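Please look through the sequence and the structure shown here before reading on.

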Amino acid sequence: MPQSTSPTGRAAASVLPSKPAAGARSWRDYALLLAPACCWSSTYPLAKLALPTIPPITFISARSLIAAAFLFAILWMRGTRIPTDAKAWKLFATQQLINSTFPFLIITWAQQYVPASNTVVLASTTPIFAFLITSLITRHEPATLLKLAGAILGLAGTIAIIGLDALRGFGSDIIAEIGILLATISFACATIFGLRLSEYDPMVVAAGSLLFGGLVLLPPAVIIDQPWTLHPTPTAIVATIVMGLVSSALGLMLFYVCLGRLGTLTTNAQGYLRIPIGVGLSVLLLGESVPSNLALGLLLVMAGVAAMTVPAERLKGR
């Protein structure tokens, strides 16, 4: 991994995100997608284990600070320089707000009402929204008819999940599911904005972002949750630590590696890899069942995102 460097003025000030490095992609690039997918698939089942005794704000702040401390320790041992300029930290802060702080506050609140397996599928629609934003607004990557078909399939899967619930009447569950989708749109925006950070060491970006995210939520956690009055279970504590080290620290660092090498749309392919892994963990760790509407939505979303990320060279018969 390269040493941290400051971005050029052009990269930091550009209106549209930078493009990923050009060149033919090997099977290793696509195998790389499996790594963050495995890290992030455990996020929602583990959150379900922690939330009963650790409130959402304290939970997110704690996992972020644990992850940041772990990454800064590694950076210190590596002798990697941490940027001190205001432009760098402004980028880190913006990325953290749209990629973690805002969406995870919503998702963590929503998980109090929505099963972890449903959350996994809904949150994995990020590639669909990333495609729509890319094709309609930023246009920094090519959009094809196959990717459009994939977007339609993915949205159909989303409707299958929350649409059938809506037929039972508007209640806390459907509102929470819509909240998860709003958080997912924020994730999609973050994958596009994150391309502006490609000239930094991925570990530096992850560490700086997580530190900002943990510190910005620390005062609200102290005032609202009063952590010293909480009585978290050993399971909740272990779940928080594991999420900090695996999901936040390792997962976010791998995310920026993928983003720099593969670009927005391909990086988001790990969304469909997260679905079967995350749902499987929800069944194994929490004993959740897979209702018919969730299974249908899962299949549609997986088919949609898979169609969106088929390499162009395969379609040409290479």
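A nonpolar core is a set of buried Ala, Val, Leu, Ile, Met, Phe, Trp, Tyr and Cys residues joined through side-chain atoms within 4.5 Å, where buried means under 20% relative accessible area, exposed means over 50%, and partly exposed is what lies in between, with a 1.4 Å probe and protein chains only. The model is a predicted one, in which local features need pLDDT of at least 70 and side-chain atom pairs count only at pLDDT 80 or more, while totals for chains, interfaces and linings use all residues. Residues are numbered from 1 along each chain as its sequence is written, and side-chain values use heavy atoms, with hydrogens and water left out.

With that settled, the chain can be taken as a whole. Of its 318 residues, 52% count as buried. Contact here means heavy atoms within 4.5 Å, and among contacts between residues at least 6 apart in sequence, 91% join residues at least 24 apart.

In soluble globular proteins, nonpolar side chains tend to be buried together. The largest nonpolar core in this model has 44 residues, of which Tyr44, Phe59, Ile107, Val121, Ile180, Ile275 and Val279 touch the most other members. Helix α10 gives this core its largest share, seven residues. Another core lies apart from it and holds 26 residues, among them Trp40, Leu71, Leu252 and Leu259.

Helix α10 spans residues 172-193 and includes Ala188, which counts as buried because its relative accessibility is 0%. Setting aside neighbours within four places in sequence, Ala188 is in contact with Thr126, Phe129, Ala130 and Ile133. Helix α8 (residues 126-138) is mostly covered, with 10 of its 13 residues buried. Ala188 also has its C-alpha atom 8.9 Å from that of Ile98, although the two are 90 residues apart along the chain.

Beyond its neighbours within four places in sequence, Trp109 is in contact with Ile175 and Ala176. Its C-alpha atom is 8.8 Å from that of Pro55, across 54 residues of sequence. A further pair is formed by Ala156, in helix α9 (residues 145-166), and Gly304, which are 148 residues apart in sequence and 8.9 Å apart in space, C-alpha to C-alpha. Ala156 is partly exposed, with a relative accessible area of 32%.

How do two helices that follow one another in number meet? Helix α3 (residues 34-41) and helix α4 (residues 43-50) pack at an angle of about 20°, with their axes 5 Å apart; the axes are lines fitted to C-alpha atoms, for helices over the stretch in contact, and angles run from 0 to 180 degrees between N-to-C directions. The two helices are therefore roughly parallel, the term for angles under 35 degrees. Cys39, Trp40 and Ser41 of α3 meet Thr43, Tyr44 and Pro45 of α4 in this contact. By class, the contact has four nonpolar, two polar and no charged residues, where Ala, Val, Leu, Ile, Met, Phe, Trp, Tyr, Cys and Pro count as nonpolar, Asp, Glu, Lys and Arg as charged, and the others, Gly among them, as polar.

Cys39 leads on to the cysteines. A disulfide is counted as a pair of cysteine sulfur atoms within 2.5 Å, and by this rule the count comes to zero. The sulfur of Cys39 has its closest cysteine sulfur in Cys38, at 7.0 Å, which is too far for a bond. Cys39 is buried, at 6% relative accessibility, whereas Cys189 is partly exposed, at 33%.

Two backbone details remain. Gln226, in the loop between α11 (202-225) and α12 (234-262), has a positive phi near 45°, and Arg139, which follows α8, has a positive phi near 55°.

Terms used:
Helix = DSSP H or I, 4+ residues; strand = E, 2+ residues; numbered from the N terminus. Parallel < 35°, antiparallel > 145°, perpendicular 65-115°, else oblique.
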